[in-house]
Amino acid sequence: MGDATATDAAPCPPMTKETNLFMQIAVHQDGTITRPAVPALPPAADGPVLSRDVPLDASLGTFLRLYLPNPPPSSRLPVVLYFHGGGFVILSAESFFYHASCEAMAAAVPAIVASLEYRLAPEHRLPAAYDDAVAAVRWLRDAAPGDPWVAAHGDLSRCFVMGSSSGGNMAFYAGVRTRGLDLAPAAVRGLLLHQPYLGGVERTPSEAKSEDDGMLPLEASDMLWSLALPLGADRDHEFCNPAKALPPAAVAGLPRCLVTGHDGDPLIDRQKEFIKWLQDGGVEVVDKTEFTGFHAVELFVPEKAAELFAAVREFVDAGDG
């Protein structure tokens, strides 16, 4: 799909600040939280996309939900390791909109998608989610070759690490922490960072005007970072603001990156700064931050999901050249 144009109709967020999921998180005096209830879906044993759960680390409660187009194409499929969003604090690989999104992506790219169920903050503050992401990357080497779906239909020489929002942040740090790691027979050909969740102490213009944003209001974003970052850290910590806290040399050796973003996302200015920082560090970046829409728009607007999946497919196919 081509670039967005000025004639594109900007979709409206399905939530307001008052109905926003993040604003429904109750933070208690002892530091614990109560999360809003979000419907979860089981794996699908039939239909146009099959899914099943495979354990990653049972002691930590982590697993991967695998998605396979049904019937699978005759050619072997790339493998997309996917990390869901939720500000590191809420949601799951089982959450109904992430389950549906991974089904749709598996069919549209097409690909085998492996969606990670990882530990959440504040019970497990960062870098716990990064540790789980690294374990999932290692799964591509250690267990994926023996998985029946991957063995029959996957091409482990074409693996991609992808995440949305906080998952995009995780995909970046998974890349940083596993660069140079021998993953044979697997090979990570690229990172797909969709609306990566980033921040900083000093507000960007798009953050400053997001007080009443329907999807990621400023108050909610600040709360999420306070729950996710290591105790005592501020938003200029490297987990939140890598472009300020880390030198460009920190990204040397990363594979090519796709960064996707939308004009109505409070994070868009931060994402554009992040792209420049990656490029300054010598990373090949495909910049797709010109789309219209809001944060997490692909979960609610089918046309925007198709737009994202087309960008993913183009990036994956270009990696075959």
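1. Tyr-82 and Tyr-98 are both buried in this predicted model. Tyr-82 belongs to strand β5 (residues 77–83) and Tyr-98 to helix α1 (residues 96–108), so this ring pair, with centres 6.4 Å apart and planes at 50°, links distant parts of the chain, 16 residues apart.

2. Phe-88 and Trp-225 form another tilted pair, because their planes meet at 50°, with the ring centres 5.8 Å apart. Phe-88 lies in the loop between β5 and α1, whereas Trp-225 is in helix α6 (residues 218–228); 137 residues separate them. Both residues are buried.

3. The whole structure contains 16 aromatic pairs. Ring pairs join Phe-88 and Trp-225 to Tyr-130, Phe-172, Tyr-173, Tyr-197, Phe-239, Phe-274 and Trp-277 in a cluster.

4. Two members of that cluster, Phe-172 and Tyr-173, are among the buried residues of α4. Helix α4 covers residues 166–178 and reaches 18 Å from its first C-alpha to its last, close to the 18 Å expected. Of its 13 residues, 12 are buried, including Ser-166, Met-170, Val-176 and Thr-178. After the helix comes Gly-180, with a positive phi near 85°.

5. Arginine side chains also meet aromatic rings. The charged end of Arg-52 sits over the ring of Trp-149, at 4.7 Å from the ring centre. Over the ring of Phe-315 sits the charged end of Arg-256, 3.9 Å from the centre.

How values were computed. Residues are numbered from 1 along each chain as its sequence is written. This is a predicted model: local features need pLDDT of at least 70, side-chain atom pairs count only at pLDDT 80 or more; totals for chains, interfaces and linings use all residues. Side-chain values use heavy atoms; hydrogens and water are left out. Helices (H or I, at least four residues) and strands (E, at least two) are DSSP runs, numbered from the N terminus. The expected span of a helix is 1.5 Å times one less than its number of residues. Buried means under 20% relative accessible area, exposed over 50%, partly exposed in between (1.4 Å probe, protein chains only). Rings of Phe, Tyr and Trp (its six-membered ring) pair if their centres lie within 6.5 Å; planes under 30 degrees apart count as stacked, over 60 as edge-to-face and the rest as tilted. A charge sits over a ring if NZ of Lys or CZ of Arg is within 6 Å of the ring centre and within 35 degrees of the ring normal.
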